[in-house]
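These are my notebook entries on a structure that I am opening for the first time. I set down what I looked up, entry by entry.

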Amino acid sequence: MTASDIVQINIGTLLIGVYLTAVVIEGFLSRMRSKPRTGETRDAATCVGLGLLSALFNGAVAFVSVGALFWAADLRVGTIPTTFATLAVCFVLDDLRFYAHHRIAHRCRWVWAMHVVHHSSTHYNYAVALRQAWTKHFTGTMMLKLPLVLIGFDPVAVLFCGVVNAAYQFFLHTQLIDRLPRWFEFVFNTPSHHRVHHARNPQYLDANYGGTLIIWDRLFGTFEGEQANEPPEFGLVKNIDTYNPLRIEFHEYAAVLRDQLHRGIGLRARLGYLFGPPGYSHDGSRQTTEDIKRLHGVLPPAAQAVEAN
Ligand SMILES: [Zn+2]
Ligand SMILES: [Zn+2]
């Protein structure tokens with residue numbers, strides 16, 4: 001075991017301790033404010049269990065993507081020394097990388113099958129932040145980190161930025177914080193913005209993919225503000241209603257497999273079921289998020305006409 005392994009294990013242990021303490025304090029404060037919703041404690045226990053298992057499993061197979069980063073370091077075009085300023089630049093670029101990864105995770109079913117785990121709770125609290133998939137190193141989107149290493153950033157700096165970003169995002173998962181100062185809400189992702197991201201209301205679908213900065217959503221047209229007259233309803237378009245960890249982790253992979261076992265469908269349909277948006281179907285029997293938005297009048301009529309063609 002190297003010194004860097006020991007540092008990583010200590011940081012990981014420290015973060016898990018902070019996260020679990022926050023879950024307990026938030027649970028206590030929420031109960032002082034209002035009655036817990038049905039199943040909230042059981043759901044939180046499920047989330048924490050999934051989180052601990054994902055930390056163990058993803059830690060054990062992290063060499064897949066970490067190895068790729070160090071392999072890419074041998075091919076980089078230059079070397080960018082790690083200073084406070086370059087680390088800040090690396091963080092912003094890695095946050096843009098996170099935006100791209102997160103948007104793909106919602107629009108490509110192969111990656112959604114992993115990310116759906118995080119969205120499959122009907123509650124919204126710090127415990128839900130820990131509800132993570134065990135398969136994130138196998139989706140291929142970790143490769144989006146390679147360009148940062150290829151242009152010269154140290155792989156350790158890139159990984160460090162990812163850890164800080166994930167820690168920031170943990171604290172977005174709460175209903176105890178309403179709104180932060182306007183300038184902060186404009187630049188940074190906040191509990192309000194991320195509540196929208198976890199909501200199943202048609203007007204909130206496919207919005208607010210940002211990690212630490214929300215400016216990417218504003219720039220790329222995916223921002224949606226939380227409206228006082230439209231409180232977020234949390235969960236999936238079709239909730240799975242289970243505490244079974246294996247079903248939570250693998251239900252969408254099983255659904256993909258079932259679709260691939262359809263007889264008599266062409267290659268285009270098979271690729272659609274694997275890489276198309278969630279809700280894709282070869283015969284139009286299911287609804288994508290666009291279909292749901294059209295049905296509820298969220299997409300404007302002009303867009304309806306163009307996209308229906
Ligand atoms: Zn998401
Ligand atoms: Zn989240």
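**Entry 1: Gln169**

I began with Gln169, which touches Ala129 and Gly211 when residues up to four places away in sequence are not counted. I note that the model is a predicted one. Gln169 lies in helix α8.

**Entry 2: the chain as a whole**

I then turned to the whole protein chain and found 15 helices and 0 strands. The C-alpha trace spans about 55 × 55 × 40 Å along its principal axes. I compared the radius of gyration with expectation: a compact globule of 309 residues would have a value near 19 Å, and the protein chain has 20 Å, which agrees. Buried residues make up 29% of the 309 residues. Of the contacts with a separation of 6 or more, 69% are accounted for by residues 24 or more positions apart.

**Entry 3: the nonpolar cores**

Which residues have the most contacts inside the largest nonpolar core? I recorded Cys47, Val117 and Ala127, in a core of 20 residues. At least two residues of this core are supplied by each of α1 (3-33), α2 (40-61), α5 (109-119) and α6 (126-130). A second, separate core has 9 residues, among them Leu146, Leu148, Val149 and Cys161.

I followed Val117 further. Leaving out residues up to four places away in sequence, Val117 touches Leu50, Arg131, Gln132, Ala133, Ile248 and Glu249.

Leu146 counts as buried because 20 C-beta neighbours lie inside 10 Å. Beyond its neighbours within four places in sequence, Leu146 is in contact with Ala68, Leu69 and Ala72. Leu69 is 77 residues from Leu146 in sequence, yet the two are 6.0 Å apart in space, C-alpha to C-alpha.

**Entry 4: helix α4**

I checked the length of helix α4 (residues 84-107) next. Its 24 residues, at 1.5 Å a residue, should span 34 Å; the end C-alpha atoms are 35 Å apart, which agrees.

Which residues of α4 are buried? I listed Cys90, Asp94, Asp95, Arg97, Phe98, Tyr99, His101, His102, Ala105 and His106. The list brought a general point to mind: an α-helix has 3.6 residues a turn, so residues three or four places apart point the same way. As for their partners, the buried residues of α4 pack against α5, α7 (146-150), α8 (155-170) and α11 (215-220).

**Entry 5: the two domains**

Last, I looked at how the protein chain is divided, and found domain 1 (3-220) and domain 2 (245-308). Their C-alpha centres lie 25 Å apart. The contact takes 18 residues from domain 1 and 18 residues from domain 2.

I examined the side of domain 1 that touches domain 2. Both α2 and α5 supply at least two residues of that side. Which helix gives the largest share? I found that α5 does, with 6 residues. By kind, the residues of that side of domain 1 divide into 11 nonpolar, 4 polar and 3 charged.

Terms used. Residues numbered from 1 in each chain as written. Chains lettered and ligands numbered in written order. Predicted model: local features only at pLDDT ≥ 70, side-chain atom pairs only at ≥ 80, totals over all residues. Core = buried A, V, L, I, M, F, W, Y, C linked by C-beta atoms within 7 Å. Buried ≥ 20, exposed ≤ 12 C-beta atoms within 10 Å, placed from the backbone. Helix = DSSP H or I, 4+ residues; strand = E, 2+ residues; numbered from the N terminus. Contact = placed C-beta atoms within 7 Å. Expected span 1.5 Å × (residues − 1). Domains from an automatic or database assignment. Nonpolar A, V, L, I, M, F, W, Y, C, P; charged D, E, K, R; others polar. Rg over C-alpha atoms; globule rule 2.2 N^0.38 Å.
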